[in-house]
Amino acid sequence: MAPPPFSMYSPKTPEGDGGPHVAPVFGAGPGDDPGYLASLRGGTELGRTRMMMLALLAAPVLILAIMPLIVEDGRADGPAWIYLPLAAAALPALLAGPRVPRPMVPGAEPAAAARTALMMFRQAVLLRFALAEGVILLGLPLAMVAHSELVFVAGFVLGYPLLVWLALPTRSGVERIRRRLESGDAESHLWAVLLAGPASPRASGA
């Protein structure tokens, strides 16, 4: 099986072992974003991240569709206390998610800053996704305990908007992460690296 285009779980920088070689398009900004759907065909870092997130966003919807098959002897509702863990899980996602990633340290030269920004962007997207997805997935065992599909629906209603807001790399979503990276007066060059395509084989082998 072919390896993924990049390892988003790795703490290594993009030019480390196993990472892609990219040439940042310095000077690029949000105005250069071709749009969500158009970027999927461009082969850029942003397009690949957006494609991955679309696939991940589909999973909770599929679980919701088959929920009647998962919950046995489903009832119309469950006890009131069963919904409390969902609210408790949503609160950290709501409070901590927007505070990820941490600000970058200023002073790095542009190429190094771009590599660091890409690594931190990937990690932030995954962490935000995990926080919001946890709210949805928590509803699954709670729904089976309560024998109520509505418990999972409640988790879905709480978690899915958080998932879209926190983790979907729309133009505004990327801008929110960029502002977090640059809140310590660093220049991240995030758009420059996200709009970069893979380097040519000649450049990679140099």
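Biologist: At what angle do the axes of H4 and helix H5 cross?

Modeller: This is a predicted model. H5 covers residues 149-167, and its axis comes within 8 Å of that of H4. The two axes cross at roughly 175°.

Biologist: Are H4 and H5 roughly parallel or antiparallel to each other?

Modeller: Angles over 145 degrees count as roughly antiparallel. The axes cross at roughly 175°. H4 and H5 are therefore roughly antiparallel. On the H4 side, the contact includes Val 125, Arg 128 and Phe 129. On the H5 side, it includes Leu 163, Leu 166 and Ala 167.

Biologist: What is the angle between helix H3 and H5?

Modeller: H3 spans residues 84-96. Among the residues that meet are Ala 90 and Leu 94 in H3, and Leu 158 and Trp 165 in H5. The axes are 10 Å apart, and the angle is about 5°. That makes H3 and H5 roughly parallel.

Biologist: Which side chain of opposite charge is nearest to Arg 128?

Modeller: Arg 128 sits in helix H4, residues 110-146. Arg 128 is buried and has no salt bridge. A salt bridge needs the atoms within 4 Å. The nearest side chain of opposite charge is 12 Å away, and belongs to Glu 175.

Biologist: Which residue has its backbone oxygen 2.6 Å from a polar atom of the Arg 128 side chain?

Modeller: Beyond its neighbours within four places in sequence, Arg 128 contacts Gly 97, Pro 98, Val 100, Leu 166, Ala 167 and Ile 177. The backbone oxygen at 2.6 Å belongs to Val 100.

How values were computed. Residues numbered from 1 in each chain as written. Predicted model: local features only at pLDDT ≥ 70, side-chain atom pairs only at ≥ 80, totals over all residues. Heavy atoms only, no water. Helix = DSSP H or I, 4+ residues; strand = E, 2+ residues; numbered from the N terminus. Buried < 20%, exposed > 50% of the residue type's maximum accessible area, 1.4 Å probe, protein only. Lys, Arg positive; Asp, Glu negative; His and termini not counted. Polar contact = N/O pair within 3.5 Å; in protein donor to acceptor, adjacent residues only side chain to side chain. Contact = heavy atoms within 4.5 Å. Axes fitted to C-alpha atoms, helices over the stretch in contact; angles between N-to-C directions. Parallel < 35°, antiparallel > 145°, perpendicular 65-115°, else oblique.
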